[in-house]
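The structure is shown first, and the description follows.

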Amino acid sequence: MTRVVAVHPNSYKDSVRLLEATRAILGADGVDWGWALMATPANLATLEQEGFTDGLAGAGANDLVFAVRANDDDAAKAAIATATEALFETTAGDDADEKEAAPDLVSALKDQPASNLAIISVPGSYAALETHKALTAGLDVLLFSDNVPLEDEISLKQRAQELGRLVMGPGAGTAMLAGTGLAFANRVKKGPVGVVAAAGTGAQEVMSLLDRWGVGVSHVIGVGGRDLSPEVGGLMAESAIRALDADEGTEAILLVSKPPSPEVAEKLLNLPNKPMVAALIGLRDHVPSPEHVSVCNTLEQGASNTLTVLGKERPSVVGNLVDDLDRTIAGLDTERTRLSGLYSGGTLCYEAMTIATDYVGPIYSNIPLDKSWNIEGAPAQGHTCLDLGEEEYTDGRPHPMIDTEARMGFLKRQAEDPTVAAVLLDVVIGDGAHDDPASVLAPVAAEVVKSGAAVIVYVLGTESDPQGFEAQRAAFRQAGCIVTETAARGAMAAAALVLRDTSIVNADLSGALS
């Protein structure tokens with residue numbers, strides 16, 4: 001293998017653009033590993049661990065670096081050229097004049113004075129300042145940046161409320177306003193449901209389910225994972241619910257979050273005049289709410305209960321799953337009793353654990369439901385679910401929704417473990433995701449199936465997504481995988497295989513907790 005680096009001094013690019021360039025590198029022929037990064041000390045240390053030691057002398061945090069490990073020098077240089085074009089190529093306007101990217105917010109607004117939203121993706125320590133600038137300019141904000149101090153988030157959202165603006169985030173990876181997807185989003189039909197979400201892949205799951213079940217979406221407002229915490233107090237969820245309540249194109253509201261504090265729940269559930277469904281993932285206790293607001297504890301429930309609110313029929317979410325499981329159970333060796341989840345979506349991983357643990361007991365994870373179930377303390381025969389999008393697994397490489405090869409090593413190891421009964425995989429498609437994840441994952445999944453374990457796949461997306469929803473599902477079926485209709489049914493199917501009890505997948509998830 002050949003290692004090649006290219007350094008562009010004083011060429012800062014935000015994390016969104018760096019992800020685009022990294023995707024360009026990884027998609028090039030002959031590339032084994034690649035990364036577009038800013039030369040921070042931590043990133044340079046990661047490069048050194050990957051064997052990149054030459055060509056980086058003097059590189060600093062404001063310098064852009066392309067690093068590629070490829071079959072040969074020509075392949076590496078071609079990949080770098082592709083990434084360079086992706087980041088630096090100017091765009092021709094309607095009059096064929098070259099148009100350069102604006103260097104700052106003020107310049108951008110001069111070029112586009114009608115703009116009403118800013119997407120901010122800078123290091124967390126700078127994010128508050130840039131967001132304040134955008135709010136001062138009268139813009140709503142999608143704050144993609146993470147590592148934003150909690151006190152900054154609170155002050156930003158308090159100011160946004162005073163100004164009648166939205167601050168979606170920090171760490172907001174999904175939104176859709178008036179049909180326009182922002183960051184990671186799925187392509188859905190316009191319709192009567194407005195979504196407020198403190199969970200990125202949770203938002204994608206419910207918007208995709210609604211679209212596939214024939215009900216479109218008006219808006220998806222991501223508020224950031226901490227918004228419903230006691231400290232932040234649901235500030236942006238409150239603003240989002242009020243906005244959707246006043247929106248003529250929204251007939252019902254769907255709130256998606258992990259369970260909030262009782263005080264935040266009481267405030268938010270009593271806000272809307274329109275019908276609202278609150279999908280509070282993993283909620284165990286009854287939550288009081290008005291008659292027109294229902295509370296449930298899975299994403300599948302949230303979407304299906306919203307159909308009921310709109311007077312629509314609930315779809316079948318089981319299909320041929322029982323038959324598929326019966327055939328699989330007949331071929332499972334008796335020692336295969338372990339569940340192994342390998343997730344790219346943190347919300348889907350969390351939901352899977354809240355469902356499956358009711359059947360199989362403790363599930364060990366890097367995002368455990370119980371602190372005593374941390375992955376570091378997992379017993380040899382213990383069930384596991386990993387959120388591979390967390391920082392400990394993405395250090396030095398893109399998120400697994402973008403770089404599907406990030407899960408390859410984990411998936412291959414399942415074929416070597418004779419105790420694994422079921423491997424759970426989520427495959428998220430849509431804008432921002434890998435162009436064809438099945439082409440990478442399905443062949444390895446087939447190897448796992450041949451080893452004697454079952455692979456259960458849930459594809460999150462819609463037929464309008466560029467990767468093709470049914471095409472992705474068909475590729476995994478061809479590889480011998482069990483493909484489910486919802487993420488929740490995938491978790492139930494895994495539990496059914498572990499316990500050899502197919503009745504589990506017929507369990508009713510339509511009940512309410514209010």
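In this predicted model, Asp146, Glu376, Glu390, Glu391 and Glu392 form a negative surface patch. One of these residues, Glu392, belongs to helix 13 (residues 391-394) and is partly exposed, with 47% relative accessibility.

**Salt bridges**

The whole structure contains 21 salt bridges.

| Pair | Distance, N to O |
|---|---|
| Arg69 and Asp32 | 2.8 Å |
| Lys189 and Asp211 | 3.0 Å |
| Arg327 and Asp324 | 2.5 Å |

The salt bridge between Arg69 and Asp32 ties together parts that are 37 residues apart in sequence, because Arg69 lies in strand 3 (residues 64-70) and Asp32 in strand 2 (residues 31-38). Arg69 is buried at 12% relative accessibility, whereas Asp32 is partly exposed at 34%.

In the salt bridge of Lys189 with Asp211, Lys189 comes from the loop between strand 10 (180-183) and strand 11 (190-197) and Asp211 from helix 7 (residues 200-212), so parts 22 residues apart in sequence are tied together. Lys189 is partly exposed, with a relative accessible area of 43%; Asp211 is buried, at 6%.

Arg327 and Asp324 both lie in helix 11 (residues 321-330), three residues apart, about one turn of the helix. Glu153, Lys157, Arg226 and Asp227 are joined in a network of salt bridges.

**Helix 9**

Val264, Ala265, Leu268 and Leu269 are buried in helix 9 (residues 262-269). These residues are on the same side of helix 9 because they cover an arc of only 115° around the axis. Pro262, Glu263 and Glu266 are exposed on the other side of helix 9.

Terms used: Residues numbered from 1 in each chain as written. Predicted model: local features only at pLDDT ≥ 70, side-chain atom pairs only at ≥ 80, totals over all residues. Heavy atoms only, no water. Patch = residues over 30% accessible without salt bridge, like charges linked within 9 Å, V, L, I, M, F, W, Y side chains within 5 Å. Areas by Shrake-Rupley, 256 points an atom, 1.4 Å probe, with all protein chains shown as cover. Salt bridge = Lys/Arg side-chain N within 4 Å of Asp/Glu carboxyl O. Lys, Arg positive; Asp, Glu negative; His and termini not counted. Charge placed at Lys NZ, Arg CZ, Asp CG, Glu CD. Helix = DSSP H or I, 4+ residues; strand = E, 2+ residues; numbered from the N terminus. Buried < 20%, exposed > 50% of the residue type's maximum accessible area, 1.4 Å probe, protein only. Arc of directions from axis to C-beta.
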